[in-house]
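Have a look at the sequence and the structure before reading on.

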Amino acid sequence: MSAAAEKPASKRSGDLTHRHRVEKATRQLDLEKNPCTKEQQMSYQCLDDNGYDRDQCSKHFQNYKNCRQFWHLVTSDRKRKGIEPALPPPKDRPQAMEDYKFVMPWK
């Protein structure tokens with residue numbers, strides 16, 4: 001019997017939940033699907049820099065939350081109007097931000 005045959009399979013090799021978590025994390029970092037990638041990364045960086053003290057990163061979290069809320073409102077409005085794609089592609093987002101600046105919830 002070879003050494004490879006005796007070695008037990010990795011616990012994660014067939015773990016679908018682990019694969020789903022990895023795929024979700026990859027999707028979240030995809031600028032095409034997540035217009036708030038920069039804000040998300042800034043939140044992560046703040047946590048890293050401050051020893052994962054969430055209280056010190058509340059401004060970054062609020063900024064990310066505002067970003068997500070804004071793009072959710074834009075997507076909802078575009079769906080309602082029948083505009084495709086509902087989430088504008090990255091090259092069209094500056095114009096969309098200008099067109100929808102009235103829905104910014106934090107102003």
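A residue is called buried when its relative accessible area is under 20%, and exposed when that figure is over 50%. Keep in mind that this is a predicted model.

## Disulfides

How many disulfides does the structure hold? There are two, and counting the bonded cysteines along the protein chain gives the pattern 1-4, 2-3.

Take Cys36 and Cys67, which are joined with an S to S distance of 2.0 Å. This pair links distant parts of the chain, 31 residues apart: Cys36 is in the loop between α2 (16-28) and α3 (37-49), while Cys67 is in helix α4. The S-S torsion here is about -95°, so the Cys36 to Cys67 disulfide is left-handed. Cys67 has a relative accessible area of 10% and is therefore buried; Cys36 is buried too, at 0%.

Then there's Cys46 with Cys57, whose sulfur atoms are 2.1 Å apart. The torsion about their S-S bond is about -95°, so this disulfide is left-handed. Cys46 belongs to helix α3 and Cys57 to the loop between α3 and α4, so the bond ties together parts 11 residues apart in sequence. Both Cys46 and Cys57 are buried.

## The nonpolar core

Which residues make up the largest nonpolar core? Eight of them do: Cys36, Cys67, Phe70, Trp71, Val74, Ala96, Tyr100 and Met104. Helix α4 (residues 58-81) gives this core its largest share, four residues.

## Aromatic rings

On to the rings, where the count comes to two aromatic pairs. For Phe70 and Trp71, the centres are 5.0 Å apart and the planes meet at 75°, so the pair is edge-to-face, given that angles over 60 degrees count that way. Phe70 has 3% relative accessibility and so counts as buried; Trp71, at 6%, counts as buried as well.

The other pair is Tyr100 with Phe102: the centres are 6.1 Å apart and the planes are at 25°, so these rings are stacked.

## A charge over a ring

Trp71 has one more contact to look at. The charged end of Arg93 sits over the Trp71 ring, 6.0 Å from the ring centre. Trp71 is thus a partner of Phe70 in an edge-to-face pair, and a member of the largest nonpolar core.

Terms used
Residues are numbered from 1 along each chain as its sequence is written. This is a predicted model: local features need pLDDT of at least 70, side-chain atom pairs count only at pLDDT 80 or more; totals for chains, interfaces and linings use all residues. Side-chain values use heavy atoms; hydrogens and water are left out. Rings of Phe, Tyr and Trp (its six-membered ring) pair if their centres lie within 6.5 Å; planes under 30 degrees apart count as stacked, over 60 as edge-to-face and the rest as tilted. Buried means under 20% relative accessible area, exposed over 50%, partly exposed in between (1.4 Å probe, protein chains only). A charge sits over a ring if NZ of Lys or CZ of Arg is within 6 Å of the ring centre and within 35 degrees of the ring normal. A nonpolar core is a set of buried Ala, Val, Leu, Ile, Met, Phe, Trp, Tyr and Cys residues joined through side-chain atoms within 4.5 Å. Helices (H or I, at least four residues) and strands (E, at least two) are DSSP runs, numbered from the N terminus. A disulfide is a pair of cysteine sulfur atoms within 2.5 Å.
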